[in-house]
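User: I would like to go through this model and ask, for each label, what it rests on.

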Amino acid sequence: MKLRTLKDHLATIGLVVGMTLIAAVSAEIAKADTVIAPERDIAVINIPNPREGNLLMLRGLAGQGTASFRINSACRTMPVRFVAGDFSGEHVEVGRTGPIRIVITNPAVMRNLMAGRDLVSDMVRVSSDATDQSADLYLAQGLSAETGFVINPGRSLFADVLGASKTDVDCASLTTTLP
């Protein structure tokens, strides 16, 4: 009977070590797949009760609402004022009822609004199609892409001077608001 040396078992040891490493790497990959990816930055502006009105030759809608933001997995809300319309009134749905919902997908536009800058439809790419990747925002409800609008952060003239108040909120509380 011949005694085996360590040299005789090197191939078997190498195979066992290789299989162990493959199993360990596979377990790490499986664990990494179960980690939930952070949700994308998004903002939603809801104007629940816009009112129709006229001012000289202008015809349009006005109202107050709330902007809800999820940026870097942190959520905030902020009051906003909303005005939409044009001189002819052609692009305003006269006698309409119901809320207006605008979804902002461009992080730079979100940050500008949160910083207190007005959001003017002529200065961003607007779409009515939620799948349009080139748009900065899309009109989910209540407006057409041809309607011009302005969103002002805050509820009053003081907000224009001092900045709109933002409230940190739990993202779970915005699950029905944010897509």
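User: How do you know that strand β6 pairs with β9, and which way do the two run?

Analyst: The model is a predicted one, and in it 2 bridges join strand β6 (residues 119-120) to β9; because at least two bridges are required for two strands to count as paired, β6 and β9 pair, and they run antiparallel. Within this pairing, V120 has V150 of β9 as its bridge partner.

User: What makes C75 and C171 a disulfide?

Analyst: Their sulfur atoms lie 2.0 Å apart, and because the cut-off is 2.5 Å, the pair C75 and C171 qualifies as a disulfide. The count by this rule comes to 1 disulfide. The pair links distant parts of the chain, with C75 in strand β4 (residues 74-86) and C171 in the segment after β10 (167-169), 96 residues apart.

User: What makes D168 and R76 a salt bridge?

Analyst: The closest N and O atoms of D168 and R76 are 2.9 Å apart, and because the criterion is within 4 Å, the pair counts as a salt bridge. D168 lies in strand β10 and R76 in strand β4, so the pair ties together parts that are 92 residues apart in sequence. D168 has a relative accessible area of 59%, and because exposed means over 50%, D168 is called exposed, whereas R76, at 27%, counts as partly exposed.

User: How do you know that R111 and D41 also form a salt bridge?

Analyst: Their closest N and O atoms are 3.6 Å apart, and because this is within 4 Å, R111 and D41 form a salt bridge. The pair links distant parts of the chain, R111 in helix α2 (residues 107-114) and D41 in the loop between α1 (10-34) and β1 (42-47), 70 residues apart. D41 is buried at 17% relative accessible area, while R111, at 37%, is partly exposed. The structure holds 3 salt bridges.

Key. Residues are numbered from 1 along each chain as its sequence is written. This is a predicted model: local features need pLDDT of at least 70, side-chain atom pairs count only at pLDDT 80 or more; totals for chains, interfaces and linings use all residues. Side-chain values use heavy atoms; hydrogens and water are left out. Helices (H or I, at least four residues) and strands (E, at least two) are DSSP runs, numbered from the N terminus. A salt bridge is a side-chain nitrogen of Lys or Arg within 4 Å of a carboxyl oxygen of Asp or Glu. Buried means under 20% relative accessible area, exposed over 50%, partly exposed in between (1.4 Å probe, protein chains only).
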